[in-house]
Amino acid sequence: MGNFLMAVQRVSDFSLLTRLFLVFMLPWLLAFSLLAQTPEAVKPRPPVTQEDLAMTDLPELPGAPAVCLFYERIDDREKSERSVFKRIKILTPAGRDFANLEIPYYAFLDEVKDIKVKVYSPDGSSREVKPEILEKIASKLGESEYRIKTLAIPDISPGKIIDYEYKIKPKENNPFVYILGDLIMIRINILLMNLTMPDLYSSLGVSWDLQDSIYIRKARFEFVPDRFIGIARKDKYNLAWVANKLREVKPVIDDKGLKLELTDIPPFEKEEFMPPESIEKISFKVYYVEPSIKNSQAYWEKSTEVWKKNYEEFMSGGKSLNKEIQALIGSETDLETKLKRIYERVQNIKNLDFVQEMSEKERKNIKVNDNVIDVLKRNYGYKNQIARTFAALARAAGYEVYLVRVVSRDEKFFNANLPLFYGQFDSEMVMIKMGNRFRAFDPGLPDCPYGVVYWPKTGTAAVTFENEQLKFFTTPSLSADDSTCRRLAQLRLDGRGNLSGTIRVEYTGQEALSRKFDNREKDEIKIKEILEEELLKKLPEGSQVNLKNLQGLKERSAELTAEFEATVAGVVHQSGNQLLLPVYALTNSRQYPFRSAFRKYPIYFNYPYTEIDEIKIELPEGYEVETLPEARSRDSERAGFSLKAQLAESGQLLIERKSAIKKNLFPVSDYIHLKEFFDFVQTRDEQQIILRKKN
């Protein structure tokens, strides 16, 4: 038979419930799985028609390079597999790119099986093809890898039709118990259940992205649920769904599962600076919900009550916690100093969510933490356990403390109609009252500076309990001053139209924290390449940079400084006895966004930010300044800009520039204003400083 794999519980949230589940429910699951019935036969796929073979263009989207004639996806929990079928027609030479199919999958759990490819020629003849299979790691967290297989099909030309099909099944050699992050995975040689169950009242069945990069004429989706969930929850589950950006959808739900058929799905086209794709893509989620839940309000109240009960149990420490506090702060009375000591203590706890790799022996030595005392004693824990430990210690020290569950907005926004508490509220942070205001802390992020919260947890939906009352709110947002990138350039203008010298870049706030966090697993050579490439993309084409010094990368601070030797290429043009120098030479035209006259999606930046440039330019011998552009500035609630050029007493040119984006999310209606702002900035940056030869 197949395999059985279930993410039973979040260790930090449900360790006691996990044990009860294992003791009482696994025998039922084993017995019931043997009685699983075979679902009815799948509806046959449509044949390739003469109309399909003769098609040379797509009337619904003229000029399209390719079209998906039919797409089918079946997520069958009883058969422990996902089956995918795609039929793609190549319409133009550019459409040959769509002959390479990408298959994403979790390599630590699953494998791709039963790959089949058939190619139809315009005359109706067909042939089986063995594709070249390439594979790459798309992302990695600890030991878990998210991989992409690419099926490359040779000799594909316009007019041909390609049928792809494959299945994703569980690997046969997974261990009986597998710990991934703060999930406990349990595998039994019966069948696969791809289900997480930290939430007592609901669970995600499947999530379908309905849009592709090409037009889809017809699509069929099917979800066959896990039959034993009714036994596991001692009641019959309800199967429900929620759609995003999809109108007049009418899925069929019966005792065999859910079926959804669609036609004419437009391609998904990305835009620069858009919200997470999950917000804007047409999608469909199927979930299980406990029958006693009658509306969303009841769901959120029950789910958050369970969360509160759990974290209060986990944060209990009694006398042991008081002893820890006494050892940490002693006779110290200053509130800020005491809290910094507590924060430093928990930041030194090994964060298991961000461990790159563990040996089998190390993994076996990891024990379940039932409470904060276990975390402190063993000095390891998962991110939410560490957040709770900080909250418990601060509360024991006399602070007014609130544990907060947040929706990380890097990949999603909160959807009140989707009853997935842990699937949406995926992280915890801590808020503490200091004087007359609340301060936010992010202790669950490795090496996060004191008093700084990583940007996905800012300005996002959150839930906490205040005076035993459930409270939904939005976490504090960042301002443009909270994240700055300051460039200090000392350059000399040579006779070949280049500027050469040093550029010192000082990152603070989120600008520093995001670079540190994103590169935490990379070595110094790779980080050097990344920072050099980042600066090169900003400078004119042909420029050269060499990172000579990097400070603050491994420090627990919101500061990072990089010093470069740089040559800024070809920025000066000669006209007779004059030299023309753009007032802001450290950029190129690609750095100005929003070239399109129209916008489809809202505008989304990760966080507000400020860029500051202070540029000193030593003039070439024999030249003097003839004309300086007039100083200009602009300021609004959306953005701000100022630019000034002057001649210093030393004879150097001094350019001071400041640009700020003051919010991170703008509606589509604001696009015209943002586009006009960046057009204004580009026009001012390209103004010329005129130098002339001295008489």
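Is the crossing of H5 and H10 right-handed or left-handed? The crossing of these two helices, H5 and H10, is right-handed. Keep in mind as you look around that this is a predicted model.

## H5 against H10

Two packed helices are described by the angle between their axes and the distance between the axes. Helix H5 covers residues 296-315 and helix H10 covers residues 383-396; their axes come within 9 Å and cross at roughly 65 degrees. That angle makes H5 roughly perpendicular to H10, because 65 to 115 degrees counts as roughly perpendicular.

Who touches whom here? On the H5 side you'll find Trp-307, Asn-310, Tyr-311, Glu-312, Phe-314 and Met-315, and they meet Gln-385, Arg-388, Ala-391, Ala-392 and Arg-395 in H10. Sorted by class, the contact of H5 with H10 has six nonpolar, two polar and three charged residues.

## H6 against H10

H10 has another partner to look at: helix H6, residues 318-329. The axes of H6 and H10 come within 9 Å and cross at roughly 80 degrees. H6 and H10 are therefore roughly perpendicular to each other.

From H6, the residues Leu-321, Asn-322, Glu-324, Ile-325 and Leu-328 meet Ala-392, Leu-393 and Ala-396 of H10. By class, the contact of H6 with H10 divides into six nonpolar residues, one polar and one charged.

## H6 against H7

Now turn to H6 and H7, whose axes come within 9 Å and cross at roughly 115 degrees. That makes H6 roughly perpendicular to H7, and the crossing of H6 and H7 is right-handed.

Glu-324, Ile-325, Leu-328 and Ile-329 are the H6 residues in this contact, and they meet Lys-338, Arg-341, Ile-342 and Arg-345 in H7. The contact of H6 with H7 splits into four nonpolar, no polar and four charged residues. Glu-324, Ile-325 and Leu-328 of H6 meet H10 too.

## The second largest pocket

How many residues line the second largest pocket? It's lined by 22 residues, and Pro-446, Asp-447, Lys-516, Phe-517 and Arg-520 lie nearest its centre. Helix H7 (335-347), strand E18 (350-351) and helix H12 (510-518) are the elements that give two or more residues to the lining of this pocket. H12 gives the most, with three residues.

As for volume, the second largest pocket has about 420 Å³. Its lining has 12 nonpolar, four polar and six charged residues.

Key:
Residues are numbered from 1 along each chain as its sequence is written. This is a predicted model: local features need pLDDT of at least 70, side-chain atom pairs count only at pLDDT 80 or more; totals for chains, interfaces and linings use all residues. Side-chain values use heavy atoms; hydrogens and water are left out. On a 1 Å grid over the protein atoms alone, a cavity is a set of points where a 1.4 Å probe fits but cannot get out, and a pocket is an open set with protein on both sides within 12 Å along at least five of seven lines; lining residues have an atom within 4 Å of a point. Grid points are joined across faces, edges and corners, and a volume is the space filled by probe spheres set on the points. Helices (H or I, at least four residues) and strands (E, at least two) are DSSP runs, numbered from the N terminus. Ala, Val, Leu, Ile, Met, Phe, Trp, Tyr, Cys and Pro count as nonpolar, Asp, Glu, Lys and Arg as charged, and the others, Gly among them, as polar. Axes are lines fitted to C-alpha atoms, for helices over the stretch in contact, and angles run from 0 to 180 degrees between N-to-C directions. Angles under 35 degrees count as roughly parallel, over 145 as roughly antiparallel, 65 to 115 as roughly perpendicular and the rest as oblique. A crossing is left-handed if the near helix is turned anticlockwise from the far one by less than a right angle, and right-handed if clockwise. Contact means heavy atoms within 4.5 Å.
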